[in-house]
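Trainee: I would like to learn how to read a structure. Please take me through it feature by feature.

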Amino acid sequence: MFTDTFDKITWLLLAVVIAALVGVLATNHGAGAGRAAGLGKAVEREMAYRARVELIARLYGPVEELRTAGNDQEALLRLNELIRSYPGEAHGYILRGEILRKMGALDEAVASFEEGVRLNGDYVDAQSPLSRRRAIEGLVAEGLAGIGGRAAANPGNRSLAASLRKVNYLKSRLAGGCE
């Protein structure tokens, strides 16, 4: 097959060109795949976020309906069932905090909001469709005045000190702080 030097050189050059072509194609394909994988991950995150928002609307829709109808007690009962079923879902804690605040249970509302924000910081993000930033700002202002005043009057009360720490945690998250 390789009888003379010319044939050997031709076959060697052909092998080098094929190897170089394979190398170039593999390098370009890898770079393109990396960009596509990054784009794919961003799309996956966006789809997962939208699916979560839809799940929240489906799960907590009946609770919202009870709230708008003025059945806060029944909404709280239903919400407690959902929180037991989905303990890692922050939305239940946020809704419970809103209902408790409306009912005048400030310390419990603060604790519930704090738990929800710890689970998912999207609730303090003004750009998030899940944002409850205004409600949290109002709760922090009310908490600093109410709980802060009571804590100052009773410096040895540990439960008031814990509630005040939770208010301050929410305040720091509103200011852009993180865990």
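Trainee: Where is the place of Ala 20?

Mentor: First, a word on the model. It is predicted, so local features need pLDDT of at least 70, side-chain atom pairs count only at pLDDT 80 or more, and totals for chains, interfaces and linings use all residues. Residues are numbered from 1 along each chain as its sequence is written, and side-chain values use heavy atoms, with hydrogens and water left out. Now your question. Helices are DSSP runs (H or I, at least four residues), as are strands (E, at least two), numbered from the N terminus. Ala 20 has its place in helix H1.

Trainee: Is Ala 20 buried, partly exposed or exposed?

Mentor: Learn the cut-offs. Buried means under 20% relative accessible area, exposed means over 50%, and partly exposed is in between (1.4 Å probe, protein chains only). Ala 20 has 42% relative accessibility, so it counts as partly exposed.

Trainee: How many Å apart in space are Ala 20 and Glu 54?

Mentor: They are 50 Å apart, C-alpha to C-alpha, and 34 residues apart in sequence. Arg 84 and Gly 40 are 44 residues apart in sequence and 34 Å apart in space, C-alpha to C-alpha. Arg 84 is found in helix H2. Its relative accessible area is 63%, so Arg 84 is exposed.

Trainee: Is Ala 75 buried or exposed?

Mentor: Ala 75 is buried, because its relative accessible area is 0%. Ala 75 lies in helix H2.

Trainee: Which residues touch the most other members of the largest nonpolar core?

Mentor: The general idea first. In soluble globular proteins, nonpolar side chains tend to be buried together. A nonpolar core is a set of buried Ala, Val, Leu, Ile, Met, Phe, Trp, Tyr and Cys residues joined through side-chain atoms within 4.5 Å. Here the largest core has 32 residues, and Ile 136 and Leu 170 touch the most other members. The elements giving two or more residues to this core are H1, H2 (72-85), H3 (90-102), H4 (106-119), H5 (133-153) and H6 (158-174). H3 gives the largest share, six residues.

Trainee: Which residues form a nonpolar patch on the surface?

Mentor: Patches are made of residues with over 30% relative accessible area and no salt bridge; nonpolar side chains (Val, Leu, Ile, Met, Phe, Trp, Tyr) are joined within 5 Å, like charges within 9 Å. Accessible areas come from the Shrake-Rupley method with a 1.4 Å probe; for residues, only the protein chains shown count as cover. Trp 11, Leu 14, Ile 18 and Val 22 form such a patch, with about 390 Å² of accessible area together. Take Ile 18, in helix H1 (residues 5-68). Ile 18 is partly exposed, at a relative accessible area of 47%.

Trainee: How many salt bridges does the count come to?

Mentor: Side chains of opposite charge can pair when their charged atoms come close. The rule for a salt bridge is a side-chain nitrogen of Lys or Arg within 4 Å of a carboxyl oxygen of Asp or Glu. By this rule the count comes to eleven. One of them joins Arg 67 and Glu 98 (2.8 Å, N to O). Arg 67 lies in helix H1 and Glu 98 in helix H3, so the pair ties together parts 31 residues apart in sequence. Glu 98 counts as buried, at 15% relative accessibility.

Trainee: Which residue forms a salt bridge with Asp 107?

Mentor: Arg 150 does, and the closest N and O atoms are 2.6 Å apart. Asp 107 lies in helix H4 and Arg 150 in helix H5, so this pair ties together parts 43 residues apart in sequence. Asp 107 is partly exposed at 21% relative accessibility. Arg 150 is partly exposed too, with a relative accessible area of 36%. Salt bridges can also share partners: Glu 64, Arg 67, Glu 98 and Arg 132 are joined this way into one network.

Trainee: What lies over the face of Tyr 169?

Mentor: A charge sits over a ring if NZ of Lys or CZ of Arg is within 6 Å of the ring centre and within 35 degrees of the ring normal. In this model Arg 118 lies over the face of Tyr 169, at 3.9 Å from the ring centre.
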